[in-house]
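Colleague: I have a model open in my viewer and would like to learn how to read it. Could you walk me through some features?

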Amino acid sequence: MKSSNFRYSDDNKRYHTYNYYLRHKYGIKVFKVPLNANFGCPNRDGTKGVGGCTYCSNKMSGDFAGDPILDIERQYDYVRQVLLKKWDNAKCIPYFQAGTNTYAPIEKQKKLFERAMTFKNAVGLNISTRADCINEEIADMLYDISQNTDLEVELGLQTIYDKTAEKINRCHTYEDFLKGYNILKERKINICVHIINGLPGETKDMMINTAQTVGALKPHGLKIHLLYIIKGTKMYEQFLRGEVKALERDEYVQIVCDQLERIPEDVVIERVTGDGVKEDLIAPLWSLKKFCVMNEIDKEMLRRNSYQGILVGKD
Ligand code: SF4
């Protein structure tokens, strides 16, 4: 039952959820199916950097993606079959999640993306990448894809602050990000930007400013992640040495609500927290209770009598 007056909500949510977007667009249950096409990453092979971003596990941001030994169609079918047991007429969005999915010869990218569009029950396509791996030629190819399916390109920005980017070994600047972002935007390709709260050395104001600055770019979607520490990463070593701290849950909830208030209401919020693989997660352990975090965000927005976008243009 609708208990909030927010325009993009049918329930108690006071922000524009991805569920709301999918439900209204397709009128049916739709899932993203994470895939690992083994594209690799320029931040690991020495092209841009070595070792990758300090928080990134060897699964390359694809902790829930399929096994790269399997063909992507088999990865997709495996997940689809599981989901169909619960929702028998659900649709799926193949999601190239692990690694940098525009980092390969363009013909290879095109072939894989076009193939994924034909998978059974597929209604769209999501491609996750780095903005510095977008150029005019790739953007033209993606534009052609977007003419035949509901395409969204996800760009991992994490922070607008280059100082922090250096600390996490992101190996590209905010200016590089803007270049790639604008090349896609010029072609009216839907973009979802990822940001992370809790990066080393960042204050609450910096995190809010990152969200606000990204919001002003008017992406189609925004994913707000929580920094979590995963076993085996560089950040894990820093965490053990006390150089990195995990956010407390209440602190995180306040930051996310402050951010949501500054994001235009039509930007789809595709995520408001992060959830690492349980076996590898070191901190913060409260993040495992994802629904609890989401509930706390709902409760805080209600307590403030606030909505997504309420402060846009006001500070
Ligand atoms: S760019 Fe993405 S895949 Fe590559 S190291 Fe960073 S987080 Fe991992």
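This is a predicted model: local features need pLDDT of at least 70, side-chain atom pairs count only at pLDDT 80 or more; totals for chains, interfaces and linings use all residues.

Colleague: Where is Arg130 found?

Modeller: Arg130 sits in the loop between strand E3 (124-129) and H4. Helices (H or I, at least four residues) and strands (E, at least two) are DSSP runs, numbered from the N terminus.

Colleague: Which side chain does Arg130 join through a polar contact?

Modeller: First, the term: a polar contact is a pair of N or O atoms within 3.5 Å; within protein, one must be able to donate a hydrogen and the other to accept it, and residues adjacent in sequence count only if both atoms are side-chain atoms. Here the side chains of Arg130 and Asp132 are joined by a polar contact of 2.9 Å. A polar atom of the Arg130 side chain also lies 3.0 Å from the backbone oxygen of Arg170.

Colleague: Which residues is Arg130 in contact with, leaving aside neighbours within four places in sequence?

Modeller: Contact means heavy atoms within 4.5 Å. With those neighbours left aside, the contacts of Arg130 include Cys41, Lys48, Thr100, Leu155 and His172.

Colleague: Now helices, please. How does one describe a packed pair?

Modeller: Two packed helices are described by the angle between their axes and the distance between the axes. Axes are lines fitted to C-alpha atoms, for helices over the stretch in contact, and angles run from 0 to 180 degrees between N-to-C directions. Helix H3 (residues 106-117) and helix H4 (residues 136-146) have axes 11 Å apart and pack at an angle of about 15°. That makes H3 roughly parallel to H4 (angles under 35 degrees count as roughly parallel, over 145 as roughly antiparallel, 65 to 115 as roughly perpendicular and the rest as oblique).

Colleague: Which residues make the contact?

Modeller: On H3 they are Ile106, Gln109, Lys110, Phe113, Glu114 and Met117, and on H4 they are Glu137, Ile138, Met141, Leu142 and Ile145. By class, this contact of H3 with H4 has seven nonpolar, one polar and three charged residues. For the classes, Ala, Val, Leu, Ile, Met, Phe, Trp, Tyr, Cys and Pro count as nonpolar, Asp, Glu, Lys and Arg as charged, and the others, Gly among them, as polar.

Colleague: At what angle do H9 and H10 cross?

Modeller: The axes of helix H9 (residues 249-260) and helix H10 (residues 290-304) cross at roughly 55° and come within 9 Å. H9 and H10 are therefore oblique to each other. Their contact includes Tyr252, Val256 and Leu260 of H9 and Val293, Ile297 and Met301 of H10. The residues in the contact of H9 with H10 divide into nine nonpolar, one polar and five charged.

Colleague: What about Ile189?

Modeller: Ile189 lies in the loop between helix H6 (174-186) and strand E5 (190-197), and it counts as buried at 4% relative accessibility. Setting aside neighbours within four places in sequence, its contacts include Ala139, Leu142, Tyr143 and Leu184.

Colleague: And backbone angles?

Modeller: Asn121 has phi near 65°, a positive value in a residue other than glycine. This residue, Asn121, lies in the loop between H3 and E3 and is partly exposed, with a relative accessible area of 24%. Gln158 is not a glycine either, yet has a positive phi of about 75°; Gln158 is in strand E4.

Colleague: Which peptide bond is cis?

Modeller: The bond from Ala283 to Pro284 is cis, with omega near -10°. You will find Pro284 in the loop between strand E9 (281-283) and H10.

Conventions
Residues are numbered from 1 along each chain as its sequence is written. Side-chain values use heavy atoms; hydrogens and water are left out. Buried means under 20% relative accessible area, exposed over 50%, partly exposed in between (1.4 Å probe, protein chains only).
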